[in-house]
Amino acid sequence: MNKLAERSDLDPHLNLSHWQQRTELACAFRWAARLGMHESIANHFSVAVSADGREFLINPYGTHFSRIKASDLLLVNADDPTSLDRPDAPDITAWALHSALHRNQPQARCILHTHSKYATALACLADSRLPPIEQNSMRFFERVAIDEGFDGMGLGDEAERVSRLLGDKPILLMGNHGLLVAASSIAQAFDDLYYFERACETYITALSTGLPLRITSDEIARKTAQQWLDYPGFADKHFAALLKILDQDEPDYCH
Ligand SMILES: [Zn+2]
């Protein structure tokens, strides 16, 4: 029996691609935990399953990233607050923020939100721009929106405000808060999350020396960013490698 047949009782919207999204999102959670990008039982990842983005999968409140399984993910509706009327409902800020984002940015199929250490450190600096000092930071040159208007937890008006800041950028660096990544696929979003955190780690480490930074010209940074964008299949190969490791080490993630 294949996984679709095994899980056909989960919900009426289920199809094979939907199950694939569940397993991929579960993989993203587990790898975020493996890489130390989680924070207790907070933070949230979602992926849109309907064309308009209003129906999406998100993690249940209280489950640690390292234990999330494909079947744990909740199918919720951005327009329907009764999505929260269940014992394992998403965190209220998660539902508000991801609902606003999926409503207002339907092109952003996968949205990952973390308080990962180095991106959050960057979000705490008065100037939260990431200068082009090495290939990973150049990847994000002119591709980061910065929220400078933090106004409390991501509920109600604050969720709506934040959801409109992303524009066509893949990264929203949330000042005084953390990081939000949006992409057209789970693999691309996770790759961006990984590399943005790496770039921030290198930048914060370089800053900690107190020595002058070797910042490239805008021209070189722009060229390198484009080379990243043109690089064939990188995010998909990266994510396929992560899935393969979990298949061997933690096969229950896709249950
Ligand atoms: Zn947060």
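**Reading the sheet and its core**

Q: What makes up the open sheet in this predicted model, and in what order do the strands come?
A: Seven strands, in the order β3-β2-β1-β4-β7-β6-β5, with mixed pairing.

Q: Why do β3 and β5 count as the edges?
A: β3 (74-77) and β5 (144-147) each have a single partner strand, so one side of each is left without a neighbour in the sheet. From one strand to the next, the twist averages 20°.

Q: How do you know that β1 and β4 are paired?
A: Pairing takes at least two bridges. Strand β1 (residues 44-48) and strand β4 (residues 110-114) have four, in the antiparallel sense. One of the contributors is H44, whose bridge partner in β4 is H113.

Q: What makes β4 and β7 a pair?
A: The cut-off is again at least two bridges, and here five bridges join the strands, which run antiparallel. T114, for instance, stands opposite L179 in β7.

Q: And what about β6 and β7: how do you know that they pair?
A: Four bridges against a requirement of at least two settles it. Strand β6 (residues 171-174) and β7 are antiparallel too, with M174 standing opposite G178. Their hairpin has three residues between the strands, and there N176 takes a positive phi near 60°.

Q: Why is β7 called mostly covered?
A: A residue is buried if 20 or more other C-beta atoms lie within 10 Å of its own. In β7 (residues 178-183), six of its six residues pass that test.

Q: Which residues does V181 contact, and what makes them contacts?
A: The C-beta atoms must lie within 7 Å. Leaving aside neighbours within four places in sequence, V181 touches L112, P170, I171, A189, D192, L193 and F196.

Q: What makes up the largest nonpolar core?
A: Membership takes buried nonpolar residues joined through C-beta atoms within 7 Å, and 68 residues belong. A28, V181, F190 and F196 have the most contacts inside this core. Helix α7 (residues 186-208) gives the largest share, eleven residues. As a rule, nonpolar side chains in soluble globular proteins tend to be buried together.

Q: How do you know that the length of α7 fits a helix?
A: At 1.5 Å a residue, its 23 residues should span 33 Å, and the end C-alpha atoms are 33 Å apart, so the two agree. Just after α7, G210 takes a positive phi of about 75°.

Q: Where does helix α3 lie?
A: Helix α3 (residues 92-104) lies across β1, β2 (55-58), β3 and β4, running at about 35° to β1.

Notes. Residues are numbered from 1 along each chain as its sequence is written. This is a predicted model: local features need pLDDT of at least 70, side-chain atom pairs count only at pLDDT 80 or more; totals for chains, interfaces and linings use all residues. Axes are lines fitted to C-alpha atoms, for helices over the stretch in contact, and angles run from 0 to 180 degrees between N-to-C directions. Two residues are in contact if their C-beta atoms, placed from the backbone, lie within 7 Å. A residue is buried if 20 or more other C-beta atoms lie within 10 Å of its own, exposed if 12 or fewer, and partly exposed in between; C-beta atoms are placed from the backbone. The expected span of a helix is 1.5 Å times one less than its number of residues.
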